[in-house]
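Dear colleague,

Please find the structure below. My notes on its pockets and cavities follow.

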Amino acid sequence: MGLLNILRMFRKADRQVRILFLGLDNAGKTTALQSLADEQIDNITPTQGFNVKTVRHANYQLHVWDIGGQRTIRPYWRNYFGNTDALVYVIDAADERRLEESGLELNSLLEEEKLAGLPMLVFANKQDLAGAQTPDAIATSLHLNAIRDRPWHIQPCSAKTGEGLQEGMEWLVRQVH
Amino acid sequence: MRSPTSPSPKSSPASSAPASPFASCIAGVRPGIISRPSGSVTSAAASSRAAPAPATSAPLPPGEDAFKIINIRIRDLETKAPFWTCRDWSNIKRTTEMHLPRKLLQCSSVAREFTFSSHNVLENLRLQQTVYLHDQPIEEWNFEFGFVIPGSTNTWESVVLAAAPEEMIPAEIISGNMVIDTAFYDGSALLARKRLTVFYE
């Protein structure tokens, strides 16, 4: 159970940790979260609001928020920024056509005061698809190397196969400590 | 990381009683069923709020609830097998019985998931759940969702790890004597409330 393991890693840190999953529609946020939680991923539909997963053990709690990425929902993202400890930004690495749009959304997140300084994990998702761009190529396109005001990391992954997800989250956990 | 005064989800045991891997659920009820001193109805209260972002949904069809619980699922997290699912909450009474298999008490972790929709924007959705045993509160669980997008469908899954076997309350004591009271509020306005009496079989 991936989320429980993640919770256990947090045990020396804050008693409550809140992680936000954001990204364009169809980037794979819900699939990534379901996959991390060892849940089925064959029945996922576009998120029309939010999905929250809470894991608690003893006095420790992990809350992961996955907010829908459709254009009409994005203006509401800012309502969920408060109290966040870490940000996960999911990108469809196989959709070159929308990479610029994804980069624009990411840039506006980086300018948000409530998210200032928070560690950010970027999932270069859909690496199982032919034509998926490498993390380096995405980092270059999105100018990630220019980010100086927060720890960030780009992790290749496939939310579908689960590859890379745990590694990415482990990096994030180390930053929140 | 977080300042102690910040609003955040919290769980506080109402007493030192051991946690039970209880399964809880709730249901949408029509505002008219709920007695409130103000007499205001949920939909009017919510829609009168100023939304920070644009978008208002189309008018609600007559007879439709503005806030609805769509689905509730209680599962063993190890096997993923659902113990209990309720999909149609529109016609059930405010207090109902939930019959669960005894083997749920042996599960190391239980997941309860609910799916709900809101026609209106909500500024501060929160859930308050109290577990009573023989009318005495033994556990309280509060969760703050905060903002809810108008016209949205949302899910919350909460995974609870079971207490050690020696700390568990025996099924015979719980069955028929444990009531889970779940209420949804937007700020102080009650949106939906459900009391469930739990039976282990």
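**Largest pocket**

In this predicted model, strand 8 of chain B makes the greatest contribution to the lining of the largest pocket, five residues. Strands (E, at least two residues) and helices (H or I, at least four) are DSSP runs numbered from the N terminus. On a 1 Å grid over the protein atoms alone, a pocket is an open set of points with protein on both sides within 12 Å along at least five of seven lines; a cavity is a set where a 1.4 Å probe fits but cannot get out; lining residues have an atom within 4 Å of a point.

The largest pocket holds about 720 Å³ of space, a volume being the space filled by probe spheres set on grid points joined across faces, edges and corners. It has 27 lining residues, and A:Gln34, A:Asn43, A:Ile44, B:Arg73 and B:Glu113 are the closest to its centre.

**Cavities**

There are two cavities of 30 Å³ or more.

**Conventions**

Residues are numbered from 1 along each chain as its sequence is written, while chains are lettered from A and ligands numbered from 1 in the order written. Local features need pLDDT of at least 70 and side-chain atom pairs pLDDT 80 or more, whereas totals for chains, interfaces and linings use all residues; side-chain values use heavy atoms, without hydrogens and water.

Yours sincerely
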